Amino acid sequence: MENLLSLSFDYLSSFDGVKIRKGLRQLEGLLAQICLSRTTTAAERRRSMAIDGVAKSSPKDLASLSEDPAFREFFKLQEGFEWNVAIRLISCLERLLGKGSNGQNDLLLVSTLDLLRGVLLIHPPSRSLFAREIYMNLLLDLLDPSSCPAVQSSAVLTLVTALLEQPNITRCFENLDGLLTVTSLFKNRGTSREVKMKLVEFLYFYLMPETPYAGRNAADAQGGLQRSPSKASRLGSGGRERREGEEGTRTTYEKQSLLGRYLNNVEDLVEDLKESAPFGANFV
């Protein structure tokens, strides 16, 4: 596995779009082998061929994935800097972003973002990279109005994945005027309808109650990076008390107050959340 990762990293470090694409495909193939299980019986293969014309793979369930030797090896390799895939993909994004916007480069940006999301879901500790301002700024730069809609949509989804169960990274996002970036793009007349829908979905996600990732403590999630407290964290709690063990998180009503600086009718979004209670969220 180390040899394949090393070869993929070499391609990703290139400025040649063809080589970058090859590196992305190699990593995608590796993750597919880890996360997908091929049909094993003749009947399953015939059924797959009859429906789709090709033998398809199905996702492994989470229980079996955690016990899979290949997955465990991959997860272990991600704990160190040398073989961490997320940091290589972020570096690749930086180089691609520096090349400007054109058709082929935009396709590479989208492919890199798609693969980065997968890696962040498979290896949640890699999300701690976005507690560093330089990397969070990279995602926010991709939300520039000049970016193509496909890149903007993919960047929004990647931002959601980076913030998932990571309150400290959400604070970094807020400190870097991430809410201003998101709402400005939403209010921009040139922003496509599809991107605006993604941004609304992001705002619903942002307003949900925060739950820290249970797999790491706060110090690990910070990745050793010490940051000054958010200016907004010195605001009042809006009448809500934090539950024990939730230090560093913000309530929905605190985040509503922050978002209200840039967007009207935030109360309506919160009311929608209360009514729908996505993922069993508790707003009491």
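**Before you start**

You are looking at a predicted model, where local features need pLDDT of at least 70 and side-chain atom pairs count only at pLDDT 80 or more, while totals for chains, interfaces and linings use all residues. Residues are numbered from 1 along each chain as its sequence is written, and side-chain values use heavy atoms, with hydrogens and water left out.

**Stop 1: the whole chain**

Show the chain as a cartoon. It has 15 helices and 2 strands; these are DSSP runs, numbered from the N terminus, with helices being H or I of at least four residues and strands being E of at least two.

The accessible surface of the chain comes to about 15200 Å², and 52% of it belongs to carbon and sulfur atoms. Accessible areas come from the Shrake-Rupley method with a 1.4 Å probe, and for residues only the protein chains shown count as cover.

How much of the chain is made up of buried residues? Of the 284 residues, 42% are buried. Here buried means under 20% relative accessible area, exposed means over 50%, and partly exposed lies in between (1.4 Å probe, protein chains only).

Contacts are worth a look too; a contact means heavy atoms within 4.5 Å. Among contacts between residues at least 6 apart in sequence, 69% join residues at least 24 apart.

**Stop 2**

Select Arg 250 and Glu 174. These two form a salt bridge, with their closest N and O atoms 2.2 Å apart. The pair links distant parts of the chain, 76 residues apart: Arg 250 is in the loop between α13 (218–221) and α14 (252–259), and Glu 174 is in helix α10 (residues 167–175). A salt bridge is a side-chain nitrogen of Lys or Arg within 4 Å of a carboxyl oxygen of Asp or Glu, and the structure holds 6 of these salt bridges.

**Stop 2: a second bridge**

Next, select Glu 210 and Lys 255. Their salt bridge has its closest N and O atoms 3.3 Å apart. Glu 210 lies in the loop between α12 (193–207) and α13, and Lys 255 lies in helix α14, so the pair ties together parts that are 45 residues apart in sequence. Both Glu 210 and Lys 255 are buried.

**Stop 3: helix α15**

Move to Glu 271 and Lys 274. Both lie in helix α15, 3 residues apart, which is about one turn of the helix. Glu 271 counts as partly exposed because its relative accessibility is 39%, and Lys 274 is partly exposed with a relative accessible area of 34%.

Before moving on, select Arg 171, Glu 174, Glu 210, Arg 250 and Lys 255 together: salt bridges that share partners join these residues into one network.

Glu 275 counts as exposed because its relative accessibility is 67%.

**Stop 4: a buried asparagine**

Select Asn 105 in helix α7 (residues 103–122). This residue is buried, with a relative accessible area of 3%. Leaving aside its neighbours within four places in sequence, Asn 105 is in contact with Leu 96, Lys 99 and Gly 100.

**Stop 5: two backbone angles**

Finish with the backbone. Most residues other than glycine have a negative phi. Glu 165, in the loop between α9 (149–163) and α10, has a positive phi near 55°. Asp 177, in the loop between α10 and α11 (178–187), has a positive phi of about 60°.
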